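Thank you all for coming. I would like to take a few minutes to go through one model, beginning with the chains and ending with some individual side chains.

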Amino acid sequence: MTDIPNNELKKEIKMLIMNTLNITDVKPEDIDEGIPLFGGGNALTLDSVDALEIIMAIQRNYQIRITDQSQARYTLRSINSIAEFIETERKNQHPENI
Amino acid sequence: MISVPYKHKMAAHCESGSITSLLNNAGLDITEPMVFGISSGLFFAYFHKMRSFTFPTFIVRNKPGQMRENFTKRTGVKFKTYSFSHPEKGFLVLDHLLDSNIPVAAQVDFYYMDYIPSWERVHINVHFIVVVGKDDSAYLVSDSYFPELVSLRVESLRKARFAGGNMSPKGFLFHPEFIPEEIDYETAIRKGIRKTCFNMLKIPIPFLGIKGIRMFAKKIVEWPALARDTEHLSHEVMKINVLLEDQGTGGAGFRFMFATFLQQAAAKINTPQLLDFSKKMMVIGDGWREFSLLAARFGKNRDLGPQRMKELSDLLMDRAKAEEQYFNELYKAIKEI
C-alpha cells in the first residue's frame with residue numbers, strides 16, 4: 001500500500017488540470033478530490049480529449065508516462081487516484097525516498 | 001453458482017491481456033508485453049477505400065486473433081478454439097468448460113459490457129474477456145479494462161457473443177490447451193522482433209506498415225472532400241484520437257508496450273543492445289500521442305481548415321520517417337546480436 005498522498009500534491013494536480021485545460025470558472029477548492037472527474041458529478045466536466053491533455057501534462061510535469069488506456073482510466077478517476085499514482089511512481093523511480 | 005479460481009489482473013489491451021491472463025492462471029509466468037512482442041502485435045494499416053468502412057480508417061496492431069496464432073507458432077503453447085453458428089451450442093460449451101473448472105476467453109461486442117459506463121461503450125466486435133464463473137442470471141467476467149472481476153448478465157453476454165456486423169464474434173472462445181515445459185524464448189523473441197520489422201518495412205502493399213503511415217499522411221488532406229460537412233469531418237478527425245488512444249490501446253500505447261517488451265527481452269535473452277531500442281520506441285510512442293492530441297484538439301474545436309489538415313499530414317510524415325529509420329536499425333541489429 002502507498003502512503004496517503006499529501007494535500008500539497010493534490011492542490012498541485014488541481015492547478016495543473018485547470019491550467020492545462022484553461023479552466024477559469026472553477027476554484028480549486030470546489031473540485032472534490034474523491035468524486036470522478038469524468039461523466040459528471042464533479043465541479044469539472046471533462047471529456048476524453050481532456051483526459052489525453054491531462055496524461056501529457058502529467059508526463060511533462062512529473063516525467064511519468066501513463067502508457068495505456070486501462071491504466072489511464074484507472075488513474076484519472078479522481079484527484080485522489082492521480083495523486084496516489086504519482087506518489088507510487090515517484091517511489092518506484094526513487095525507492096530511497098520510501 | 002460456479003466460480004473457477006482465477007487471479008484477475010488489469011492489462012493494457014484486451015487481446016494480449018486475456019492471452020496473458022489465461023496463461024498466467026494456467027501456470028506460465030509471462031508478461032503482457034512479452035506476449036505482445038513475441039506475437040508481433042505492433043503494426044499499421046491505412047484503409048482509404050474499403051467496402052466495409054464508410055470513411056477512411058486505420059489500425060495500429062495486427063488483426064484480431066493473429067496474436068494468439070503467432071504466439072502459438074513461436075512458443076509451442078497451444079490454444080483450443082471454438083466458433084458457433086447457434087447461441088445455444090455456444091453457451092452449452094461455455095457452461096461445460098466452466099463446469100470443468102476451465103476459464104475461457106470470449107470474443108464479444110464491447111457495447112454490451114454493461115459494467116462499463118455507457119458513455120465509454122461503443123460497438124466493437126473484437127473485444128476479449130475471460131469468463132470465470134456463472135450463476136442463474138449472470139456470468140462472472142475478468143475484463144482487463146476493469147480493476148476487479150465483474151458480473152455480466154446472461155442476456156448481455158448472449159448479445160455480445162453473437163452480435164452481427166463486421167468481424168462478428170460467432171461465439172468465439174479459446175483457452176490454453178497445452179503449455180510446453182520449456183519455451184525457447186531466445187528464438188521466439190528474435191522471431192517476434194524480425195517479423196514486426198518485416199511487417200512494418202517489407203510488405204509490398206502500399207497501405208501496410210510504414211507505407212501505410214505515408215499513405216495516411218498523403219490522404220488525410222483529402223478527408224474534407226470526403227466528409228458530408230464540418231460536423232462529419234470533426235467526428236472523423238476526433239475518431240483518430242479514439243482509435244489511437246481509447247480503443248484497445250492505440251498508436252502510442254502499443255508502441256509503449258513494444259518498448260517494454262524490448263526492455264524485458266534484453267534481460268530475458270541477455271541482449272542489452274535492445275535497451276537502447278526500447279528507449280527510442282518510447283519516444284516514438286510520445287510522437288503518436290502528440291499527433292493524437294493535435295487531431296483531437298482540431299476536431300473538438302472544429303478547426304479543420306486546409307492548414308490544419310496539412311499540419312496533421314506533416315506530423316504523420318514525421319511518424320513514418322521516425323519509424324522507418326527505427327525499424328531499419330532494429331532489423332539490422334537483431335540479425336547481428
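This is a predicted model: local features need pLDDT of at least 70, side-chain atom pairs count only at pLDDT 80 or more; totals for chains, interfaces and linings use all residues.

Let me begin with chain B, whose secondary structure comes to 12 helices and 9 strands. If we take the contacts in chain B with a separation of 6 or more, 70% of them come from residues 24 or more positions apart. The accessible surface of chain B is about 14600 Å², and carbon and sulfur atoms account for 53% of it. As for charge, chain B carries 44 positive and 37 negative charges, and their mean positions are 6 Å apart.

Chain A has 4 helices and 0 strands, so that, in the order of the sequence, the pattern reads α-α-α-α. Of its 98 residues, 47% are buried, and residues 24 or more positions apart supply 52% of the contacts in chain A with a separation of 6 or more. Its accessible surface comes to about 5200 Å², with 47% belonging to carbon and sulfur atoms.

Leaving aside residues up to four places away in sequence, Ile116(B) touches Phe110(B), Arg121(B), Asp143(B) and Phe146(B). Its C-alpha atom is separated by 44 Å from that of Lys335(B), which lies 219 residues away along the chain.

I turn next to the charged pairs. Side chains of opposite charge can pair when their charged atoms come close, and over all chains the structure holds 22 salt bridges. One of them joins Asp47(A) and Lys300(B), at 3.2 Å from N to O. This pair crosses between chains, running from the loop between α1 (7–20) and α2 (48–62) of chain A to helix α11 (residues 273–300) of chain B. Both partners are partly exposed, Asp47(A) with a relative accessible area of 30% and Lys300(B) at 32%.

A salt bridge within chain B is formed by the side chains of Lys134(B) and Asp95(B), at 3.3 Å from N to O. Because Lys134(B) lies in strand β6 and Asp95(B) in helix α4 (residues 87–99), this pair ties together parts that are 39 residues apart in sequence.

With Lys280(B) in helix α11 and Glu329(B) in helix α12 (residues 306–336), the pair ties together parts of chain B that are 49 residues apart in sequence. Lys280(B), at 33% relative accessibility, is partly exposed, and so is Glu329(B), at 30%. Finally, in chain A, salt bridges with shared partners link Lys10(A), Lys14(A) and Glu33(A) into one network.

Notes:
Residues are numbered from 1 along each chain as its sequence is written. Chains are lettered from A and ligands numbered from 1 in the order in which they are written. Side-chain values use heavy atoms; hydrogens and water are left out. Helices (H or I, at least four residues) and strands (E, at least two) are DSSP runs, numbered from the N terminus. Contact means heavy atoms within 4.5 Å. Accessible areas come from the Shrake-Rupley method with a 1.4 Å probe; for residues, only the protein chains shown count as cover. Lys and Arg count as positive and Asp and Glu as negative; His and the chain ends are not counted. The place of a charge is taken as NZ of Lys, CZ of Arg, CG of Asp or CD of Glu. Buried means under 20% relative accessible area, exposed over 50%, partly exposed in between (1.4 Å probe, protein chains only). A salt bridge is a side-chain nitrogen of Lys or Arg within 4 Å of a carboxyl oxygen of Asp or Glu.
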